[in-house]
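Biologist: I would like a close look at one part of this model. Please keep to the aromatic side chains.

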Amino acid sequence: MRSRGYGAVLLAAVLALCTVLTPTAAATTVTATTARTGLGASGLGRGALADADTYLRRQTAEMKAPGMAYAIVDRRRIAHIGTMGHDGDGEPVTARTPFLWGSVAKPVTATAVMTLVEDGRIDLDRPVRAYLPDFTLADRDTSARITVRHLLLQTSGLPEVTDSTDRFGHRPDPYRSAVAELADVTPLDEPGVRHVYSSANYLLLGAVVEATTGRSFVSYLRESVLDPLDMTGAITTPAQAARLPDGHSYVYGRPVATAPRFDQTGPSYGYLGGTVEDLAHFAMAHLNNGTYRDVRLLKPASVREMHTGTARIRATHHYGLGWRDDDRNADLGTATLWHGGAAPGYQATIVLLPGTDRALVVMQNVYGYFQASQLVATALGAARILAGGEPETEAADPMYLTLLVSLTAVAALVTAATGWGAFRLLRPARRPVSRRRTWSTTAAWTLLGLALAYGAWFAAPDALGGSQRLIRLYAPDLGWLLAAITAGGLALAAVRLGCGLRAGPAYGPRPPRSGP
């Protein structure tokens, strides 16, 4: 009877989960508004524009993104802006709706660094310690050989995940504190050996800019990049971020509102934000070899160096100075320079197609770790349409559904087992139980509960390449399930240990109950 009861709980959980994850007609409804500017002047074919717009709307519906804004630009102007859906406050998305851009901050930071390179104040091949004398990793000798170029190329040897990023508390000197926290990080490789994507590289670049200029990173970023490019809606401070509408995270495959977060060191690596027009201006400058309208931001040689991928990711995909460089559209006669990014609740992608004199920026107010490839593919697919091709299909990550079903089932079984143990604790069995069996049963259940708690809190996050904190940020449903299994495992161990102790010190047969 008990085993059938556990099976019923598991079956109900799985059926409910599958029901939640099944798309419905209502989930694909998109409210859309579109703004168009300068279509004739841009020379953008209306057929390609209509196809890209249709594709983006279809992808928005498929990914259940509550809202999106995108812009298509050429070297001199914004050719087209499209908006659809609503923001986290329920208001229609417009060209002035702010989003967080995530790691699209990296090419912006790299641009600021290159302005200092052109001024002779930073040398790309000097060690980081020349600018940050206190910088060190757990391996002091290795960290002494890390250069500014290594940080830009993401070849410093820093691991992908560190505890120095995604910190949301107030710190009086955030960059100094974050750099100090890296002292316990063990590098994965010697500098320059291989590309390992790590936001800590760009956190360090923010600190290098502060040390070089004697100003806050945000102050220099505004003077050198944001203001010259008329990025007037850029989000760079906690006060500005506080005015952001809620973003959305995927919970059991559905978007759920999540309050925006902000890291004080984030503008250099992943918490910069702004409107679609702001990012469109940045795309125009890079598409036009460093010039925005009549403002020269960088020399063409500096832009070419940034856009040239020299750090190998795979045969057809390299990383430059803050830009990804791949040949996905080489068959259409253009290079593809791009970068994607995400912050809790938001996702953004910027794509340059220099061979077509076009660039595209896409912002979505939803993000999930297991949906990241599909969200990025939305922008890359639209860019391929603009280049004259057909978009490639990005399949959903099968691990997401597997993990949700598995963890939901485990959480349900742990809950049922803990509930049954609590029931037996309050109403012990009448039949006699031998001491050996009581000890062995108590030990088995207690060890199982502790093993579940350890696996959910430590082993599973490590296998996913993150931490409990990051999983709760970027895959909150899995984070909640792992936390529930951890708590359930500890409760199961405690209840079953209590059952063993409740049996009495002798662990012998209980006396018969008195009464008629």
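Which residues do ring pairs link into a cluster?

Modeller: This is a predicted model. Ring pairs join F168, F262, Y269 and Y271 into a cluster. The structure as a whole holds twelve aromatic pairs. A pair of aromatic rings is described by the distance of the centres and the angle of the planes.

Take Y197 and Y319. Their ring centres are 6.4 Å apart and their planes stand at 80°, so this pair is edge-to-face; planes over 60 degrees apart count as such. Y197 sits in the loop between helix 7 (174-181) and helix 8 (199-213), while Y319 belongs to strand 11 (residues 317-319), so the pair ties together parts that are 122 residues apart in sequence. Y319 has 0% relative accessibility and therefore counts as buried.

Now back to the cluster. In F262 and Y271 the ring centres lie 6.5 Å apart and the planes are at 80°, so this pair is edge-to-face. The cut-off for buried is under 20% relative accessible area. F262 has 10% relative accessibility, so F262 counts as buried. Y271 has 1%, so Y271 is buried too.

Charges also meet rings. The charged end of R126 sits over the ring of Y131, 5.5 Å from the ring's centre. R324 lies over the face of W338, with 5.4 Å to the ring centre.

Terms used:
Residues numbered from 1 in each chain as written. Predicted model: local features only at pLDDT ≥ 70, side-chain atom pairs only at ≥ 80, totals over all residues. Heavy atoms only, no water. Phe/Tyr/Trp six-rings, centres within 6.5 Å; stacked < 30°, edge-to-face > 60°. Helix = DSSP H or I, 4+ residues; strand = E, 2+ residues; numbered from the N terminus. Buried < 20%, exposed > 50% of the residue type's maximum accessible area, 1.4 Å probe, protein only. Lys NZ or Arg CZ within 6 Å of the ring centre and 35° of its normal.
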